[in-house]
Amino acid sequence: MPPVRYRPDVEQVEPDEGDTISKLEEQFAHIQDTTADHYRHGVRAVHAKAHGIARGTLTVAGDLSPEFAQGLFARAGRYEAVIRISTLPGDLLDDSVLVPRGLALKLIGVEGERLPGSEGDVTQDFVMVNGPAFAAPDAKAFLGNLSMLAKTTDKAEGAKKALSSVVRAFEAGLEAVGHPSSTLQQLGGAPSTHPLGETYYTQTPFRYGDYVAKFRLKPVSEALTSLTGVKVDTAGRPDALREEVRRQMIETGGTWALEVQLCTDLAKMPVEDATVQWDEDASRFVTVATLEVPPQMAWENSVTYAADDALAFSPWHGLAAHRPLGGVNRARRETYVKSAQHRGRVNGCPMHEPRALAEVP
């Protein structure tokens, strides 16, 4: 089937969505106030713990077919890039609490018509998680999930470790019969796999120039693909993931393919239900660019903490040609802005988008 053409009515805004987003902002603020009071430092409301920050280059392919040669990918090009690898919660947990991994990618030097709120910037962000579908279909369900996480923020880490081992056993059983649960994974039942072997998905849809699409970042170099499914021993190692990412990045660096899946059927590939995994038989992922990260130090305490504080990632940092779509993405817009502002205020370092990679500490 031909790809669906983008038009404004692919989105359907709920009448009370504004109220839902206001409540989301309150939950984000509660999480950040709680953690800032404990750590005496401002951290993110979600994906607070980083396991590595690395720099590289994204090269856009020059031979894309017209439906894939859109927006940022309309022509061949090279962009400075920085990635941040993280885990889901808003508090800094021992890595034995098994939660989903995230990878945020920031491209620098991207010119073109900008999204509201990012005028004057030259960055394009992709915020991704190691699963193809979001845990909530819409902003209201997103609020419910976040409210549950907010109640446990910065409380009883020992209990979270114990719960994680129990929930992981249930989730492993579901995975064995082909029915993984994103809810159980959020509660501590995610597989204890190496972050650098994972494939990361935007989960939510975006405008793709004339079309609608989802993105994913897939490891392709042998050094990374050899880590796919490899378990990390976290026993007695509170920062095991950071240690493993650091070691691998120093030794080999890595290469990923940035891939695009075009929507071909709005009924079966909905924009407003982020829990639906789009059928790859109906529309396969196609590589549009390659991310190369050379061997480097991905974690060096004083330096990397400074970089982590200076960076903010949001799907709303970018081009109008890649506008985030759907209720979950609309809910992220102001909540992510206010989360970044909170960190800047607490840490005494207002946020700004870099205009060159050299500006990242």
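Predicted model: local features only at pLDDT ≥ 70, side-chain atom pairs only at ≥ 80, totals over all residues.

1. The chain has 361 residues, of which 55% count as buried, and its secondary structure comes to 8 helices and 9 strands. Among contacts between residues at least 6 apart in sequence, 77% join residues that are at least 24 apart. The chain exposes about 15,100 Å², and carbon and sulfur atoms supply 53% of that area.

2. The largest nonpolar core holds 40 residues, and Phe73 and Ile83 are the ones with the most contacts inside it. Strand β9, residues 286–293, contributes the largest share of this core, with 5 residues. A second, separate core has 17 residues, including Phe28, Ala45, Phe142 and Ala331. As general background, nonpolar side chains in soluble globular proteins tend to be buried together.

3. Phe73 deserves a look of its own. Leaving aside neighbours within four places in sequence, Phe73 is in contact with Val60, Leu64, Phe68, Phe126, Tyr208, Phe215, Leu258, Val288, Ala289 and His322.

4. Strand β4, residues 123–129, is largely enclosed by the rest of the structure, because 7 of its 7 residues are buried. In a regular strand the side chains alternate between the two faces of the sheet. Strand β3, residues 101–108, pairs with β4 in the antiparallel sense over 7 bridges, and Leu107 has Gln124 of β4 as its bridge partner.

5. How many disulfides does a search of the whole structure find? The search finds 0. As for individual cysteines, Cys263 is buried, with a relative accessible area of 0%, whereas Cys349 is partly exposed, with a relative accessible area of 40%.

6. Arg40, which lies in the loop between α1 (17–39) and β1 (49–60), has a positive phi of about 55° although it is not a glycine. His47 is also placed in the loop between α1 and β1, and its phi is near 55°, a positive value in a residue other than glycine. Are these side chains buried or exposed? Arg40 is exposed, with a relative accessible area of 64%, while His47, at 14% relative accessibility, counts as buried because the cut-off for that class is under 20%.

Key: Residues numbered from 1 in each chain as written. Heavy atoms only, no water. Helix = DSSP H or I, 4+ residues; strand = E, 2+ residues; numbered from the N terminus. Buried < 20%, exposed > 50% of the residue type's maximum accessible area, 1.4 Å probe, protein only. Contact = heavy atoms within 4.5 Å. Areas by Shrake-Rupley, 256 points an atom, 1.4 Å probe, with all protein chains shown as cover. Core = buried A, V, L, I, M, F, W, Y, C linked by side-chain atoms within 4.5 Å. Pairing = 2+ DSSP bridges. Disulfide = S-S within 2.5 Å.
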